[in-house]
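Please look over the following structure before reading my points. They are numbered and can be checked one at a time.

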Amino acid sequence: MKPGRFDYVRAGTLAEAHGALSEGGDDARIIAGGQSLVPMLSMRVARPTVLIDIMHLAELAKIEVKENAIRVGAGVRQATLLAWSELANRQPLLAAALPWVGHAQTRSRGTVCGSIAHADPSAEIPLTLLALKGIVELSSQRNRRRVMAEEFFTGLMSTARKDDELIEAVEIPCRAAGVGYAFREFARRHGDFAIVACAAVARKGAVRLAIGGVTDCPIARDFPDIEGDALDDALDRFASDLEAHDDLHATADYRRGLVRRLGQVTVEEARRCRA
Amino acid sequence: MPRLTADARHRVRFELNGRSVEADAEPRMLLTDFLRHDLGMTGTHVGCEHGVCGACTIQIDGVPARACLTLAVQADGAKIRTVEGLAPTSGRLSVLQESFRRHHALQCGFCTAGILMSLDYYLQRHPGPTEAELREYLGGHLCRCTGYAPILAAALDAAGKLRETAADA
């Protein structure tokens with residue numbers, strides 16, 4: 001398992017990265033931490049002819065708080081965000097989900113935006129972004145645009161990013177008063193890909209539950225503030241509507257069962273955290 | 001903006017176990033292969049080659065990372081530490097290595113280098129780890145011989161010994 005051939009470009013400025021990406025088209029790929037991309041290269045699932053390294057751009061390595069959102073630049077590693085002293089206070093859902101992303105030995109290199117670009121169906125960061133209605137900031141040589149998480153993830157490992165665009169940052173809404181957050185995951189081993197992951201956001205009168213690991217990309221549903229049997233019924237309908245797949249790790253039915261049980265636990269926990 | 005072309009070998013320089021090293025690599029070369037084949041440092045093992053097993057774990061700029069998920073050219077200018085850098089002097093083992101020996105925390109030894117590099121970092125950062133914390137941390141490594149119990153025992157014992165040494169100092 002060795003990668004095929006590619007040119008390697010170490011971008012010195014963001015403009016250089018945009019230029020190389022525009023020139024390379026769909027044969028070019030951005031590399032940041034490489035924790036998702038390098039295995040794809042080694043297995044030759046991805047065969048770019050140019051890799052553009054953006055990890056030497058200081059302007060992308062920033063975590064900023066802007067208005068009511070945390071802006072995480074494309075160069076910020078998962079471990080760096082997890083170690084950020086304000087994280088749990090600014091966004092408890094992100095603080096709860098990040099320890100589930102890979103292992104400490106991969107979070108040390110992997111980036112937050114890289115996980116979003118890769119868009120694995122069971123990945124925790126895309127799930128959290130969707131649950132919180134975050135925004136992906138894309139830029140290219142010609143254009144800049146902001147895409148809501150809901151529109152960004154378009155299918156199995158596919159996103160709304162165009163070939164000449166890179167993810168410059170993501171914006172994750174900060175915690176709001178009177179809103180509760182919870183994250184739960186089931187996997188065979190901590191750090192493995194989730195069989196089912198749940199992220200819940202409970203506000204007054206409404207609950208949003210996002211599910212990862214079941215469908216081609218994370219999926220969210222908004223419920224009224226229901227409890228007991230009404231919640232069970234609503235989760236049952238949600239689980240039945242999901243296009244779940246069988247694989248080596250679990251059957252589709254098993255996954256739907258987890259959505260019902262783990263979903264309920266997650267929603268109840270978020271509701272308790274609302275006060 | 002440096003562009004390293006696919007079909008040529010390019011000079012890569014970094015600090016390895018406190019010493020400057022350099023050799024040539026194609027852009028597609030993994031750091032595991034660069035360390036083993038070009039620098040002759042075969043202590044770092046290659047297992048699954050997609051980041052799951054942890055055998056190739058080394059320290060890059062002071063933190064544990066998978067060498068198989070890193071390109072040699074990405075490591076240019078970095079500070080790298082491998083299992084060869086653990087022993088204080090030739091013929092002597094580090095506290096952690098000695099503890100692994102005492103507890104029989106390895107059988108075939110294939111996973112050991114990676115686990116040592118992870119634990120070396122972890123015990124420095126967390127001098128008083130609980131067994132549960134160590135279990136979670138070791139989740140980033142696969143061992144098919146030991147069943148992990150002796151590895152945990154060795155890690156806890158080493159943590160105690162390192163605390164004593166730190167208190168004496």
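1. In which sense do strand E1 (residues 7-10) of chain A and E1(B) pair? The sense is antiparallel, over 2 bridges; strands pair if DSSP finds at least two bridges between them. A:Val9 has B:Arg3 in E1(B) as its bridge partner. Helices (H or I, at least four residues) and strands (E, at least two) are DSSP runs, numbered from the N terminus.

2. This is a predicted model, in which local features need pLDDT of at least 70, side-chain atom pairs count only at pLDDT 80 or more, and totals for chains, interfaces and linings use all residues. Residues are numbered from 1 along each chain as its sequence is written, and chains are lettered from A and ligands numbered from 1 in the order in which they are written.

3. The contact between the chains takes 29 residues from chain B and 29 residues from chain A; residues are in contact if their C-beta atoms, placed from the backbone, lie within 7 Å. On the side of chain B that touches chain A, E5(B) gives the largest share, 4 residues.

4. Chain A is divided into domain 1 (7-53), domain 2 (58-173) and domain 3 (180-272), with bounds from an automatic or database domain assignment. The C-alpha centres of domain 1 and domain 2 of chain A are 18 Å apart. Between these domains, 14 residues of domain 1 are in contact with 20 residues of domain 2. Helix H1 (residues 14-24) of chain A gives the most to the domain 1 side, with 6 residues.

5. Leaving aside neighbours within four places in sequence, A:Val170 is in contact with several residues, among them A:Val72, A:Cys113 and A:Leu129.

Methods: Two residues are in contact if their C-beta atoms, placed from the backbone, lie within 7 Å.
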